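Q: Could you take me through this structure, starting with the strands and ending with the ligand?

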Amino acid sequence: MIRSINEAAFGRPDEADLVDGLRSEGAVLLSLVAEVERQIVGHVLFSRMSIETSGGPVPAAALAPVAVLPDHQRRGIGEQLIRHGLDLLRARGERIVIVLGHPGYYPRFGFSSQKARSL
Ligand SMILES: CC(C)(COP(=O)(O)OP(=O)(O)OC[C@H]1O[C@@H](n2cnc3c(N)ncnc32)[C@H](O)[C@@H]1OP(=O)(O)O)[C@@H](O)C(=O)NCCC(=O)NCCS
C-alpha cells in the first residue's frame, strides 16, 4: 500500500524503492500513514542519518519521502503528516531533522538552509 501511494504521488518507482531500501537497512525511525474514510492516502517516512561535523558524527533524522495521492493533495494532509512526525521525533529527543526538498514548501515547518549551514 505504501509503495502504491509513493508511486502514484511521484509518478515513478524511485521513492517507493527508497522506502524499501531504508526498511531493509533497518534505518526507519518513523513511518506514518494518513487515512481518509479508511483509505490510506498519504505516507511520510523519517530515517536515521548521521552528520559528520568537526566534532564527530552527530545523529539526525532524514525526512523522505512524503507522498499524498494526487486526488488528495493540497488539503493539508502532507502538512499534518510532517507536523505529527516532527512532534513524535521531538518527544523522543531527536534534535535535528534534515530534508532535501522544495524551498517553497518546507520552511513552514521550521526547516531552513541557514540552519543546515550552521551544523
Ligand atoms: C508535496 C506533498 C507531499 C504535499 O502534500 P499536500 O497534502 O499536497 O500538501 P498540503 O496540503 O499540506 O500543503 C499544500 C501546500 O503544498 C505546496 N505544494 C504541494 N506540492 C508541492 C510541490 N511539489 N512543490 C512545492 N510545493 C508544493 C502547495 O503550494 C501548497 O502550499 P500553498 O497552499 O501555501 O500554496 C504532495 O503534494 C505530494 O505528494 N507531491 C508529490 C510528491 C512530492 O513531490 N513529494 C515531496 C518530495 S520533496
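**The sheet and the ligand shell**

Q: Which residue in S2 stands opposite Val33?
A: This is a predicted model. In it, Val33 stands opposite His43 of S2.

Q: How many bridges join S1 to S2, and do these strands run parallel or antiparallel?
A: Strand S1 (residues 28-36) and strand S2 (residues 39-53) run antiparallel and are joined by eight bridges. In their hairpin, two residues lie between the strands, and Glu37 takes a positive phi near 50 degrees.

Q: What is the order of the strands in the sheet?
A: The order is S1-S2-S3-S4, in an open sheet of four strands with mixed pairing. S1 and strand S4 (97-98) are the edge strands, as each pairs on one side only.

Q: And in which sense do S3 and S4 pair?
A: They pair in the parallel sense, over two bridges. Ala62, for instance, has Ile98 in S4 as its bridge partner.

Q: Which strands does H3 touch?
A: H3 packs on the sheet and touches S1, S2, S3 and S4, with its direction at about 145 degrees to that of S1. Helix H2 (residues 14-25) lies across S1, S2 and S3, and runs at about 140 degrees to S3.

Q: Now the ligand: which residues come nearest?
A: Of the 17 residues around the ligand, the nearest are Ala9, Gln73, Gly78, Glu79 and Gly101. Helix H1 (2-10), strand S3 (56-68) and helix H3 (77-91) each give two or more residues to this shell.

Q: Which element gives the largest share?
A: S3 does, with four residues.

Q: What is the shell like by class?
A: It has eight nonpolar, six polar and three charged residues.

Conventions: Residues numbered from 1 in each chain as written. Predicted model: local features only at pLDDT ≥ 70, side-chain atom pairs only at ≥ 80, totals over all residues. Near = placed C-beta within 6 Å. Nonpolar A, V, L, I, M, F, W, Y, C, P; charged D, E, K, R; others polar. Pairing = 2+ DSSP bridges. Contact = placed C-beta atoms within 7 Å. Axes fitted to C-alpha atoms, helices over the stretch in contact; angles between N-to-C directions.
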